[in-house]
Amino acid sequence: MKQLVLVRHGQSDWNLQNRFTGWIDVDLSERGTQEARDAGRTLMTKGYRFDCAVTSLLKRSIRTLWLILEEMDQMYLPVQTDWRLNERHYGALQGLDKKETAARHGDEQVLKWRRGYAVRPPALEVEDPLHPAHDPRYQGIENLPATESLADTLVRVTQWWKEQLAPQLKADRRILVVAHGNSLRAMVKFLDALSEDQIMQYNIPTGIPLVYHFNDDLSVAGHEYLADEASLAAAVSEVKNQASTKS
């Protein structure tokens, strides 16, 4: 049976500060570094080995992958990076404190921006220095987003899956994917055929490996987190609370 391991990057500095992050390239917090190492130790202890690893172009995800591979003594693995695994682009909200933004625009509006499936936050102007068009890592990429909804993120993640990941899974390659809360939620949506309402209530904890098992036709045979029920429930609850405008 084919399998795939997904890991959301460890807590970032801006997760800790409760800021909208998106494509801003912040690093891991001290806790996030530990979460990444713990994920690597868990995978090593349970006997997982990989043929390649895939991550986004953002350092919090890349560093999480490095730390996992270090703990697994698999730092020699080939690593593929792809912008389509980046976090959802939060547009002009990026860098703003979530509570202050809710106080300014109202809880209801901020909740729509954060949890509305097809709702986009205000876009960055192309002249804004934070627009990805000014970042050398995205040179040559057409139609870069200036804001995104989860629905937009799903489009690019699905495209990446079909072009890059599915062929490798069909070839029985053992793959580790380290990415972000929303890019992984987009992946979970199409893998588990979740409705819009279901995926908006779904939360992925940081640093806990999520293992998918596939049949030969890549239909999902099952999945599980590599954590005990109490630890998983606590981690999911924390992410759920972060999604509240009251947090």
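Guide: Two helices, α2 (30–45) and α9 (229–242), each supply at least two residues of the lining of the largest pocket; helices here are DSSP runs of H or I with at least four residues, and strands are runs of E with at least two, numbered from the N terminus. This is a predicted model, in which local features need pLDDT of at least 70 and side-chain atom pairs count only at pLDDT 80 or more, while totals for chains, interfaces and linings use all residues. Residues are numbered from 1 along each chain as its sequence is written, and side-chain values use heavy atoms, with hydrogens and water left out.

Visitor: Which residues lie nearest the centre of the largest pocket?

Guide: Of the 19 residues that line the largest pocket, Glu35, Thr206, Gly207, Ile208 and Ala235 lie nearest its centre. A pocket is an open set of points on a 1 Å grid over the protein atoms alone, where a 1.4 Å probe fits, with protein on both sides within 12 Å along at least five of seven lines, and lining residues have an atom within 4 Å of a point.

Visitor: What makes the link between the side chains of Arg84 and Glu163 a polar contact?

Guide: The two side chains are joined at 2.9 Å, and a polar contact is a pair of N or O atoms within 3.5 Å, where within protein one must be able to donate a hydrogen and the other to accept it, and residues adjacent in sequence count only if both atoms are side-chain atoms. Arg84 itself lies in the loop between β3 (79–81) and α4 (98–105).
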